[in-house]
Amino acid sequence: MPGSDELYPPAQYGWGWILLAFGILILLIAGAWLLVALTRPRRDLTLTGETQGPQLLTTDVLSQLRVEYLDRIQRIEDDYRARTLSARNANLEFSRVVRTFVNEYSGLEAPVLALDDLVSRGVHPALIDAMGRHYYPSIFRQGPAIDPVAGAEAARTVVRTWH
């Protein structure tokens, strides 16, 4: 009947739509939390709440970094001498450690730069020498690898003399 005054009840939504809305809301909250957690600056894990004193001076941090990397170099050399690393793999590890040291010490992205890139940027000659004489020939050429003991000494020179 065209002129009926009868009222119709409002349309009801099913439970599935409500659950979907809550699920999306939970995903948005979790995404926001994850974004904050992953982009927040990291705390220094070497200092605990009880031992926190005055901040370490920059020279102290750099000296500690040198000691840490010299220790890594010694461990790689010890592994080579114990025959748990081949000469090629030892030189590969020395290259990786030296490049990571340079990156942490100065911010130069040495781990991803080729030798030519390092030369063009005018980096410290000790790094160029170590890479060109010890690590690149051992890693990339077909013959026997260069003696890793000499590579270890070249790595120590880079760590000690890097500015």
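Colleague: If helices are DSSP runs of H or I with at least four residues, numbered from the N terminus, which helix holds S138?
Modeller: S138 lies in helix α5, which covers residues 125-140; keep in mind that this is a predicted model.

Colleague: And is S138 buried or exposed there?
Modeller: Its relative accessible area is 0%, and since anything under 20% counts as buried, S138 is therefore classed as buried.

Colleague: Which residues does S138 touch, then?
Modeller: Leaving aside residues up to four places away in sequence, S138 touches R88, N91, A145 and I146. With N91 there is also a polar contact between the side chains, at 2.9 Å.

Colleague: Let me step back for a moment: how many helices and strands does the protein have?
Modeller: There are six helices and zero strands, so that the pattern read along the sequence is α-α-α-α-α-α, with helices as defined at the start.

Colleague: What share of the residues is buried?
Modeller: Of the 163 residues in the protein, 26% are buried. The accessible surface comes to about 12000 Å², and carbon and sulfur atoms account for 61% of that surface.

Colleague: Now the helix packing: how do the axes of α2 and α6 cross?
Modeller: The axes of α2, residues 58-81, and α6, residues 148-161, come within 10 Å and cross at roughly 180°. Angles over 145 degrees count as roughly antiparallel, and the two helices are therefore roughly antiparallel to each other.

Colleague: Which residues make that contact?
Modeller: On the α2 side they are R66, Y69, L70, I73, Q74, E77, Y80 and R81, while α6 contributes P148, V149, A152, A155, R156, V159, R160 and T161.

Colleague: And how do they divide by type?
Modeller: The residues of the contact between α2 and α6 comprise nine nonpolar, two polar and five charged.

Colleague: One more, D78: where is it found, and which residue does its side chain meet in a polar contact?
Modeller: D78 is found in helix α2, and its side chain makes a polar contact of 2.8 Å with the side chain of Q74. Q74 is also one of the α2 residues in the contact with α6.

Colleague: How accessible is D78, and how far is it from A90?
Modeller: D78 has 37% relative accessibility and so counts as partly exposed, a class that lies between the 20% and 50% limits.

Terms used:
Residues are numbered from 1 along each chain as its sequence is written. This is a predicted model: local features need pLDDT of at least 70, side-chain atom pairs count only at pLDDT 80 or more; totals for chains, interfaces and linings use all residues. Side-chain values use heavy atoms; hydrogens and water are left out. Axes are lines fitted to C-alpha atoms, for helices over the stretch in contact, and angles run from 0 to 180 degrees between N-to-C directions. Angles under 35 degrees count as roughly parallel, over 145 as roughly antiparallel, 65 to 115 as roughly perpendicular and the rest as oblique. Contact means heavy atoms within 4.5 Å. Ala, Val, Leu, Ile, Met, Phe, Trp, Tyr, Cys and Pro count as nonpolar, Asp, Glu, Lys and Arg as charged, and the others, Gly among them, as polar. Buried means under 20% relative accessible area, exposed over 50%, partly exposed in between (1.4 Å probe, protein chains only). Accessible areas come from the Shrake-Rupley method with a 1.4 Å probe; for residues, only the protein chains shown count as cover. A polar contact is a pair of N or O atoms within 3.5 Å; within protein, one must be able to donate a hydrogen and the other to accept it, and residues adjacent in sequence count only if both atoms are side-chain atoms.
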